[in-house]
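Keep the viewer open as you read.

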Amino acid sequence: MTDAAPSLTPQDALVALMLTVSVSDGAIRTEELLAIEQVVNSLPVFAGYDPDRIKVVAQSVFELMEVEDGLDALFGLVRDTLPERLFETAYALACDIAASDGALKQAELRLLEEMRDELAIDRLHAAAIERGARARFAHP
């Protein structure tokens, strides 16, 4: 990503995408940060991952989002780092973070659409993933 994160791990790539969805609407909400923390602390894909890396990855994401074509650079890093078998996982985690605050903003929806394309997520699979995220984070 940047000098702060010279070697990106697959887990870093997942965290980067979750953070990118979180910042896409211009503000990181507490619910989203808590959801990212919960994901990192509970899912098997993050077994052995150092949660302190989240801060390093976050700084790199923030820096990339400040430059022209930063999102394209991030997607390139993710595709280079993340095994293809984890592309749907990455999309599912991004959807969960987007849904975690109870409201999907237009910027988040646009980013998720771009992420679907970049990760070549089949539209039918994406719809199922999106529906699952809405169901998990539905409010009474």
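Arginine 123 and glutamate 130 bring their side chains together in a salt bridge, with 3.4 Å from N to O. Keep in mind that this is a predicted model. Glutamate 130, at 15% relative accessibility, counts as buried.

Now stay on glutamate 130 and look for arginine 116. These two also form a salt bridge, and their closest N and O atoms are 2.8 Å apart. Arginine 116 sits in helix 6 while glutamate 130 belongs to helix 7 (residues 123–136), so this pair ties together parts that lie 14 residues apart in sequence. Arginine 116 is buried because its relative accessible area is 14%, and the cut-off for that label is under 20%.

How many salt bridges does a search of the whole structure find? The count comes to 8. Another one of them is between the side chains of arginine 29 and aspartate 101, at 3.6 Å from N to O. Here the link spans distant parts of the chain: arginine 29 is in the loop between helix 1 (10–23) and helix 2, whereas aspartate 101 is in the loop between helix 5 (87–99) and helix 6 (106–118), and the two are 72 residues apart.

Is aspartate 101 buried or exposed? With 13% relative accessibility, aspartate 101 counts as buried. Arginine 29 comes out at 27%, so it is classed as partly exposed.

Time to switch to rings. The structure holds 1 aromatic pair. Its members are phenylalanine 46 and tyrosine 49, arranged edge-to-face, with 5.7 Å centre to centre and 65 degrees between the planes. Phenylalanine 46 and tyrosine 49 are both buried.

Finally, head for the surface. Which residues form a nonpolar patch there? Ile28, Leu33 and Phe62 do, and together they have about 220 Å² of accessible area. Leucine 33 belongs to helix 2, which covers residues 30–42. Its relative accessibility is 42%, so leucine 33 counts as partly exposed.

Methods: Residues numbered from 1 in each chain as written. Predicted model: local features only at pLDDT ≥ 70, side-chain atom pairs only at ≥ 80, totals over all residues. Heavy atoms only, no water. Phe/Tyr/Trp six-rings, centres within 6.5 Å; stacked < 30°, edge-to-face > 60°. Buried < 20%, exposed > 50% of the residue type's maximum accessible area, 1.4 Å probe, protein only. Patch = residues over 30% accessible without salt bridge, like charges linked within 9 Å, V, L, I, M, F, W, Y side chains within 5 Å. Areas by Shrake-Rupley, 256 points an atom, 1.4 Å probe, with all protein chains shown as cover. Salt bridge = Lys/Arg side-chain N within 4 Å of Asp/Glu carboxyl O. Helix = DSSP H or I, 4+ residues; strand = E, 2+ residues; numbered from the N terminus.
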